[in-house]
Amino acid sequence: MTIDHETSERVYRGLKVDVLAGRSSGRLQISDLTERFSASATPVREALLRLVGEGLVEMRASGGFAVTVMSEEKARDLYQVNLRLMLMAVGWPGKAMSPSDGPPSESIVVPPVDLLFLGLAQGTGNAAFFELVGSMNDRLCRLRQAERVELAFVDREFINLDASIRTDERDRIRRALQTYHRRRLEKAGAIVRELIGLEAQLSQK
């Protein structure tokens with residue numbers, strides 16, 4: 001691996017964490033990022049293009065890059081796709097897994113529902129499906145942080161969902177997943193407004 005590729009990987013990982021945590025929002029200036037990450041423009045641009053491919057950053061028609069704008073419609077689409085993926089995982093031949101059975105991983109979501117869903121995905125034994133769920137987790141990460149502010153009893157909800165999955169009773173798991181996602185679909189507009197407010201506050205710090 002060349003020095004430029006090592007630098008690009010470092011910038012990519014650092015910037016991705018910032019985007020997922022809501023610390024980077026709006027327009028992303030390459031000149032600012034080169035200074036922040038002590039890197040030249042080339043590895044910064046490579047990192048940004050990787051994030052574009054993951055749906056976390058978008059290229060503006062007028063030029064440049066920006067963190068992908070979240071709308072109520074986009075939030076609903078993401079929640080609906082995630083529900084379908086989780087129902088597919090539950091219906092897949094094999095054992096529905098709990099987060100503690102899955103691979104070690106770091107999560108910036110509290111409670112770590114992303115790890116719970118990765119555990120279900122790993123239970124399919126299909127690497128491509130596991131990667132797909134990981135990508136969906138990334139795209140939902142910002143919303144999940146806003147959910148914690150907008151929705152009541154998120155910790156209790158997580159405990160109940162985790163308990164349902166640990167039973168390995170597929171009908172019970174399906175009902176729990178549908179309840180979890182229905183709640184977010186009903187509150188999608190409020191969650192997005194909360195997200196916009198949270199990221200505006202972070203961007204001013």
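Is F153 buried or exposed? F153 is exposed, with a relative accessible area of 57%, where buried means under 20% relative accessible area, exposed over 50% and partly exposed in between (1.4 Å probe, protein chains only). This is a predicted model, in which local features need pLDDT of at least 70 and side-chain atom pairs count only at pLDDT 80 or more, while totals for chains, interfaces and linings use all residues. Residues are numbered from 1 along each chain as its sequence is written, and side-chain values use heavy atoms, with hydrogens and water left out.

**Backbone features**

Most residues other than glycine have a negative phi, and most peptide bonds are trans. F153, in the loop between α6 and α7, has a positive phi near 60°; helices (H or I, at least four residues) and strands (E, at least two) are DSSP runs, numbered from the N terminus. S38 also has a positive phi, near 50°, and is found in the loop between α2 (30-36) and α3 (41-53), where S38 is exposed with a relative accessible area of 63%. The peptide bond from V110 to P111 is cis, with omega near -10°, and P111 lies in the loop between α4 and α5.

**Aromatic pairs**

A pair of aromatic rings is described by the distance of the centres and the angle of the planes. The structure holds two aromatic pairs, for which rings of Phe, Tyr and Trp (its six-membered ring) must have centres within 6.5 Å, with planes under 30 degrees apart counted as stacked, over 60 as edge-to-face and the rest as tilted.

| Pair | Centre to centre | Angle between planes | Class |
|---|---|---|---|
| W92 and F129 | 5.1 Å | 50° | tilted |
| F117 and Y180 | 5.7 Å | 85° | edge-to-face |

W92 lies in the loop between α4 (72-91) and α5 (113-122) and F129 in helix α6 (residues 127-150), so this pair ties together parts that are 37 residues apart in sequence. W92 counts as partly exposed at 25% relative accessibility, whereas F129 is buried, with a relative accessible area of 5%.

**Charges over rings**

Y180 also has the charged end of R184 over its ring, 3.7 Å from the ring centre; a charge sits over a ring if NZ of Lys or CZ of Arg is within 6 Å of the ring centre and within 35 degrees of the ring normal. The charged end of R50 sits over the ring of Y12, 3.6 Å from its centre.

**The cavity**

The structure holds one cavity of 30 Å³ or more, a cavity being a set of points, on a 1 Å grid over the protein atoms alone, where a 1.4 Å probe fits but cannot get out. The largest cavity has a volume of about 90 Å³, a volume being the space filled by probe spheres set on the points, which are joined across faces, edges and corners. Its lining, made of residues that have an atom within 4 Å of a point, includes V110, P111, Y180 and R184. The elements that give two or more residues to this lining are α6, α7 (154-167) and α8, and α7 gives the most, with three residues. The lining residues of the largest cavity divide into seven nonpolar, no polar and four charged, where Ala, Val, Leu, Ile, Met, Phe, Trp, Tyr, Cys and Pro count as nonpolar, Asp, Glu, Lys and Arg as charged, and the others, Gly among them, as polar.

Note on methods:
On a 1 Å grid over the protein atoms alone, a cavity is a set of points where a 1.4 Å probe fits but cannot get out, and a pocket is an open set with protein on both sides within 12 Å along at least five of seven lines; lining residues have an atom within 4 Å of a point.
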